[in-house]
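The sequence and structure come first.

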Amino acid sequence: MRTANGDPGRQNPWQLEFPPDHQISGLQALWQGRQAREPVRLDFQAGLPQGAVLPAAEPAQEMCRCQFLINYAARTRLERATAPGAQLEAGSLVLLSADRMAAWLLLFPPVGSDVELTTAQLHRVLVEHGVSSGIDWNLLRQIPRMENRYFVPFPVARGTLPTPGRDGAVTERVPRDPGARPQLQGLSFVDYNTLSLVRKIGEGDVICEITPPTPGRSGCTVTGETLPAAEGRAAEVPEGRNTHRTPDGRFLVADREGHIVFSGRNFHVNAVLHLREEDLAADSAVKFLGDVHIHCDLPAGMSIKATGSVQIDGAVENCSIEAGEHIVVSNGVQGQDQALLYAHKQLYAKYLEHCTVYARQDVLADCIIHCDVYSNGTVQASSGRGVLIGGTIRAAREIRASTVGSKAERATQLLLGGLPCEEVDSMQLQQELDRIAQKIAELESQPASPGQASQLAKLRMNQYVTQAKLNKAHQELEVMPSPARDRAGNPVRAVCGTVYPGTVVTIGGSSLSVDRVRENCTIGFVGNQVGFL
C-alpha cells in the first residue's frame, strides 16, 4: 500500500491496492471496455474535506475487514456481470467501520443498462444499513453527478467522538510559600522586620479563585448510538481552618482576620495574639493556637508556645519559645545559657548568644556565639558581621559564615550531615522512656490502691505515646543517605570566609581540625575523609 501521491517511502494506512487479476480489476476493465486489467487502488481518505480526519480507530484492522467485504461483493458482481445477456443497474456497497464511527459508499457501474442510482436511492441504501447520523449530505448529492464516481470509496458518514469535560482548577491569589528571604541593606545588614513570614489577611479576602469543571459533550456513531463523555473532575480546593467557599463556589475566602499559612495541603487563617509590654510578666507562660506577635522585648523566664509563628520585635533573654512554624527575633537572643528556641520551620534572629536552638529547616543570624544549634537545613551567619564563634553547630545540609572561630582559637565545633533534630529527639525520647519505666517500676512495687492504678494507667499511656514518637524518629533516621550527603543527595559542606584554628569540622565519623588561618575555603568530604575542597 502506498500514499495517494505515490510516495514509495511512506505507507498510507487507509489505502487498499488490488492486483490486476482481482475481481474488482475485472469489473473496471469490463466497464472501460478493455481487455487488459490494471491494479485498482482505493483510498478511503480521498473524499474527506480538507483538514478532516476519520474518527474510526485501527486503520489496519478496518482495511482488512473492508478488503474481505470488497472481495466478496466484487466476486459476486463479476459473476453476474459476465453471465450471458447480463443487465445490471448500478450497484452499491456500504462499508461500516467496526466501531460504527465511519461509513463508506462504493459504487459499481451498470452492465448492459443505463440505470444510475439517485441521491434518494443512495440515502435509502444507507438507511437500510443503519446509517442515520453524521451523513455528508453535500457529498451524497454530488456523487450521482460525478464523472469518476465508480470504484471510489466515498466517506459519506462520520461519527463524532465524545469530548471530555475540562477539569476544574484553582488559581491561588495568595502564594503558598511566602518566599521570605532576608533583605540586605547597605553593608549587608539584614532587616528582620521585613521578612513577612507572617502574612496578614482580612476577613472576606480572596485566597483562591475556583474554576468549576465543565460537562463533557457526548459523541455519536453513524448508526445513531450515543457515546457518553467523561465529566470534568472538580478541583481539589485547599480549604482549611477559618476559610470557606463562597455560595457560588467560585472563591475560597478567609473567615476572619488573621495570618494566612499553607500547611502543605490546605490554607489556614490563624488567629493572631498581639502582646505588648503591659501584657507580659517575667516567669509567665503563654500558649496559643495561632500566631503570636510580641511588640516589645521578651522578659526573662517567659515561656511562649504557639501552633503558628512567633514574631518578637525586641530582644529575648533566658526564655523558652516553641513555634509550629517560624520564629523571628528582630533584636536577637542573649540567652545566658538558659534560653531555648524551637522552630518547626525556619528561625531568624539578629544575633544568637549563649542559647540552644532547634530548627526543622534553616537558621539565619548575623552572628552566632557560644550556642548549641540543631538544624535540619542550613545554618547561616554570613550577613552583617557574619560571625560564628564557639559552641556546637549541627546542620544537615550546610554551614555558611563569614568568620568561623576567633583569633583566640576558641573551640568551635561544626557537625554536618544526618538529621540533627531527629537525633536529639531520639536521645531525649529514650531518656523520657527510661524515666517513665523507672516510675512504673516504683509504683508497681507499692501496695495496690485506686490512686496507684490511676497513675499507672497515665504512665503507660505516656509510655505508649513516647514509644510511638521514638519509632517515628528512628524511621526518619533509617532513610538517611551516606553521612556525606543530605536527603536530596547533595554533598554537605561548610563554607567559610575566614576560619581560625580551634575549629573542628566533623562529617560522619571523620573530623578535620583547622591548624592555621584559612581564607575563602570550603570544607567537605574528600575521598573518605573530611578536607578542604
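The side chain of aspartate 43 makes a polar contact with the backbone nitrogen of glutamine 45 at 3.0 Å (N or O atoms within 3.5 Å, one able to donate a hydrogen and the other to accept it; residues adjacent in sequence count only if both atoms are side-chain atoms). The model is predicted: local features need pLDDT of at least 70 and side-chain atom pairs pLDDT 80 or more, while totals for chains, interfaces and linings use all residues. Residues are numbered from 1 along each chain as its sequence is written, and side-chain values use heavy atoms, without hydrogens and water.

**Aspartate 43**
- Aspartate 43 belongs to strand β2, residues 40–43 (strands are DSSP runs of E, at least two residues; helices are runs of H or I, at least four).
- Aspartate 43 is buried (under 20% relative accessible area, 1.4 Å probe, protein chains only).
- Aspartate 43 has no salt bridge (a side-chain nitrogen of Lys or Arg within 4 Å of a carboxyl oxygen of Asp or Glu).
- The nearest side chain of opposite charge to aspartate 43 is arginine 41, 9.7 Å away.

**Largest pocket**
- Tyr342, His344, Arg360, Asp425 and Leu429 lie nearest the centre of the largest pocket, among 18 lining residues.
- Elements giving two or more residues to this lining are β21 (320–323), β23 (333–343), α5 (420–444) and α6 (450–478).

**Serine 454**
- Serine 454 is in helix α6.

How values were computed. Buried < 20%, exposed > 50% of the residue type's maximum accessible area, 1.4 Å probe, protein only. Lys, Arg positive; Asp, Glu negative; His and termini not counted. 1 Å grid on protein atoms, 1.4 Å probe; cavity = no way out; pocket = protein on both sides within 12 Å on 5 of 7 lines; lining within 4 Å.
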